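The following paragraphs lead through a single protein chain, from its overall confidence to individual residues. Please keep the sequence and the model in view while reading.

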Amino acid sequence: MNHRPGAFRWVVSLGVVALSLSLEMLFWLFSRRRSERITNKVLFFPSEVACVEHIFSPTLPHSHVCSLPHGVDTSFSRLLRYILSACYSLDLCLFSFSNMDLSRAVLLLHSRGVTIRVLTDKVYSAISGSQIGVLRKAGICVRCDASAVHMHHKFAVVDGRMLITGSLNWTLTAVQSNMENIIITEEPDLVQPFVKEFCRLWGLNDPAQYLSSKK
Ligand SMILES: [Zn+2]
């Protein structure tokens, strides 16, 4: 009879250990499944030059007239696909934006009803080849940073869930000639600070606020 409380304690301790091990295993499985599910990619540039028409028009016949290589997966074609995965919103914070294919992707999203916000540098928005005027004409909301220091960011947030950031400006030179990098991630700990920073900069460059502060 004297052994029973000891045996009971032993069974309880064993139960506690088993439970904590199961919880730990569940947590590990959950984290593993989560990390398998979310996107975390790195792309390097310059990108191989290849035709990207099929990304814009998936039904395009293979016979279309074009001298570029086809069916090649490049850093640029991947970048385009990540951008075009936007369903609701695309926030762009770009120092320079002159790449016509990237502009085409943004216009395509706009025509699908995706809410686009573009924050860019005032001086670079006016240089020859800049796509900012094209986006504005299409009715996309653009705000320009005119502060004394450069708004030198190059990031995009897709649907508030995916961050695309790195050294790459959205120009043809950056894509095809320069050594550049971008990271594409859905890690909330990385995405959320960029969402917050975009909102802060967007508010800071609100023309209405700027005008009222000048009165
Ligand atoms: Zn082609």
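pLDDT is the predictor's confidence in each residue, on a scale from 0 to 100. For this protein chain the mean pLDDT is 88, and 91% of the residues reach 70 or more. The model is a predicted one, in which local features need pLDDT of at least 70 and side-chain atom pairs count only at pLDDT 80 or more, while totals for chains, interfaces and linings use all residues. Residues are numbered from 1 along each chain as its sequence is written. Helices (H or I, at least four residues) and strands (E, at least two) are DSSP runs, numbered from the N terminus. Confidence is highest in strand β6 (residues 162-166), at a mean of 98, and lowest in helix α9 (residues 207-214), at 65.

An automatic or database domain assignment supplies the domain bounds. The chain is divided into domain 1 (1-37) and domain 2 (39-214), and the C-alpha centres of the two lie 48 Å apart. From the UniProt record, an unreviewed entry, comes the feature "domain: PLD phosphodiesterase" at residues 147-174; such positions are given in the numbering used here, feature names are shortened, and annotations may be inferred rather than shown by experiment. This span is 11% helix and 36% strand, with its end C-alpha atoms 24 Å apart.

Seven strands form an open sheet of mixed pairing in the order β1-β7-β6-β5-β2-β3-β4, where two strands pair if DSSP finds at least two bridges between them. At its edges are β1 (40-45) and β4 (141-145), each of which pairs on one side only. Strand β1 runs antiparallel to β7 (residues 180-185), to which 6 bridges join it. Within this pairing, phenylalanine 44 stands opposite asparagine 181 of β7.

Strand β2 (residues 89-94) contains aspartate 91. Is this residue buried or exposed? Aspartate 91 is buried, because 23 other C-beta atoms lie within 10 Å; the cut-offs are 20 or more for buried, 12 or fewer for exposed, and partly exposed in between, with C-beta atoms placed from the backbone. Beyond four places in sequence, aspartate 91 touches Arg117, Ala156, Val157 and Phe198, a contact requiring C-beta atoms, placed from the backbone, within 7 Å. The C-alpha atoms of aspartate 91 and phenylalanine 198 are 7.6 Å apart, although 107 residues separate them along the chain.

Asparagine 178 lies in the loop between α7 (172-176) and β7. Asparagine 178 counts as partly exposed because it has 13 C-beta neighbours inside 10 Å. Leaving aside neighbours within four places in sequence, asparagine 178 is in contact with Phe45, Pro46 and Thr173.

Conventions. Two residues are in contact if their C-beta atoms, placed from the backbone, lie within 7 Å.
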